[in-house]
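Student: Could you walk me through this model, a piece at a time?

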Amino acid sequence: MERPERAGAALGAQPRANGCSGAAHGALRNGYVRGLAAPDTQLNHIVHNGGLYKRPFNEAFEETPMLVAVLTYVGYGVLTLFGYLRDFMRQWKIEKCQNATEREEQKDFVPLYQDFENFYNRNLYMRIRDSWNRPICSVPGAKVDMMERVSHDYNWTFTYTGRVIKDIINMGSYNYLGFAQKAGTCQEAAAKVLSQYGAGVCSTRQEMGNLDKHEELEKLVARFLGVESAMAYGMGFATNSMNIPALVGKGCLILSDELNHASLVLGARLSGATIRIFKHNNMQSLEKLLKDAIVHGQPRTRRPWKKILILVEGIYSMEGSIVRLPEVIALKKKYKSYLYLDEAHSIGALGPSGRGVVEYFGLSPEDVDVMMGTFTKSFGAAGGYIGGKKELIDYLRTYSHSAVYATSLSPPVVEQIITSMKCIMGEDGTNVARVQQLAENTRYFRRRLKEMGFIIYGNEDSPVVPLMLYMPAKIGAFGREMLKRNIGVVVVGFPATPIIESRARFCLSAAHTKEMLDTALKEINEVGDLLQLKYSRHRLVPLLDRPFDETTYEETED
């Protein structure tokens with residue numbers, strides 16, 4: 001990798017859109033057009049996706065109604081007051097204290113828990129803990145079986161009744177293409193390999209854990225992605241957290257989207273590189289950081305950065321948004337930086353043939369320096385991969401901690417990936433149109449929820465569909481009411497989201513039939529009326545109008 005000592009060639013005079021497309025009657029949909037020509041040039045007309053996009057790119061982030069925002073803050077205020085009251089009662093033994101506390105002799109040491117985080121866990125999370133960690137006892141397919149459990153002490157402990165709740169429509173698993181199944185081609189192939197190779201490898205790739213199946217998988221992944229070479233890893237999270245430190249280090253700069261996954265954040269911190277955060281999918285924020293990095297260089301010494309690495313995701317799993325990849329690549333080329341693309345949620349789920357966000361935008365895989373993805377979602381398996389140039393992959397085989405120290409992928413898991421990937425590519429003769437079915441389910445489900453009046457975040461092509469709940473009391477209520485109606489959903493709150501942006505997150509699958517989706521939509525509509533969740537006023541907020549703080553922060557060893 002060369003050092004980005006000066007900016008590269010200009011992108012040309014073509015106008016760039018921050019994710020906009022022309023709408024009816026001249027209205028704007030999620031963004032304004034901005035030119036890259038002279039700084040003083042003001043573009044007054046709409047250009048379809050700015051010339052960089054070959055297809056419409058529509059994302060919706062509807063503004064939170066003022067009354068809802070106020071009531072949400074009031075709700076957290078009431079929770080906080082009652083939380084302090086309950087803590088007072090626990091301190092004076094009026095109420096039984098069931099949470100983990102530090103012993104008296106530890107009071108002078110650094111606390112084991114952050115004060116607010118522990119306070120939040122005691123007084124809010126525990127009250128609605130039944131919404132999470134629900135025990136599933138079946139394949140995580142379109143429908144699941146769930147073990148029933150009850151609590152007699154407000155969710156501090158649970159007791160299993162022995163009853164199994166059957167045929168719950170699963171709207172929460174990342175089973176995008178429906179390969180999580182207990183029968184079929186993938187299951188038969190995995191069972192055959194299990195009998196031949198066993199369940200585990202018991203060694204690393206560099207020792208006795210390199211099977212012919214691993215070699216076959218990596219060649220297939222490289223061909224699927226359209227890159228020179230690829231390497232597979234046993235854990236998706238470790239693919240990010242252990243490989244980023246092998247690519248950058250001290251004297252390097254990482255520019256990370258503010259909503260990147262925890263694995264990317266951990267990998268960036270472990271690398272020892274300087275980290276600067278840009279606003280989510282905001283190209284003005286990213287370009288400003290790139291300009292500052294080129295002009296000012298490293299702090300104090302003002303030397304050029306050794307490398308500048310941009311970290312982005314294909315689909316953001318909490319927002320349902322898709323990365324503005326054409327603009328990111330344009331900026332990457334302009335400022336001679338490098339691009340690390342995490343396609344955990346987009347590989348298999350986007351693009352005409354399921355090859356991810358690069359294919360979705362009609363771009364070349366050569367424009368992405370490091371293509372990362374996981375097998376845990378669209379392929380119904382486990383593990384992750386890195387794809388790119390042969391020199392990059394050869395380097396990672398030697399220097400990646402996940403390659404040197406981690407045990408290899410289990411052979412049946414490898415076979416599950418190989419069989420499902422060949423199915424997506426149409427090489428097994430089945431020619432199953434799973435990718436197209438997922439796209440149809442996604443658009444139908446999103447359109448119906450919007451028509452009902454819910455506030456839905458994200459891109460219209462994203463199978464991750466966040467439905468905004470906002471108020472803390474409605475997090476648990478929504479999950480419980482849906483379970484009563486045999487619909488399994490994932491509800492999400494702080495700290496996984498901003499404290500006033502609690503939501504339910506639906507994940508669509510090609511395995512969902514229209515009847516299943518209609519059943520789920522009917523129940524969601526009823527619960528929405530019951531809990532008064534239909535906040536939408538159908539006023540979309542242009543991305544550039546969302547709050548933008550130009551300040552950034554750095555994480556350095558210094």
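Tutor: Let us start with helix α5, which is mostly covered, with nine of its 12 residues buried, where buried means under 20% relative accessible area, exposed over 50% and partly exposed in between, using a 1.4 Å probe and protein chains only. Helices here are DSSP runs of H or I of at least four residues and strands are E runs of at least two, numbered from the N terminus. This is a predicted model, in which local features need pLDDT of at least 70 and side-chain atom pairs count only at pLDDT 80 or more, while totals for chains, interfaces and linings use all residues. Residues are numbered from 1 along each chain as its sequence is written, and side-chain values use heavy atoms, with hydrogens and water left out.

Student: Which residues in α5 are buried?

Tutor: Among them are Gly 236, Thr 239, Asn 240, Ile 244 and Leu 247.

Student: Switching topic, is Glu 501 buried or exposed?

Tutor: Glu 501 is buried because its relative accessible area is 17%, and its place is in the loop between β18 (490-492) and β19 (502-507).

Student: And what does Glu 501 touch?

Tutor: Leaving aside residues up to four places away in sequence, Glu 501 touches Tyr 457, Met 468 and Tyr 470, a contact being heavy atoms within 4.5 Å.

Student: What about Leu 81, buried or exposed?

Tutor: Leu 81, which lies in helix α1 (residues 66-91), is exposed, with a relative accessible area of 64%.

Student: How many helices and strands are in the protein chain?

Tutor: The protein chain has 15 helices and 20 strands, and 53% of its 558 residues count as buried.
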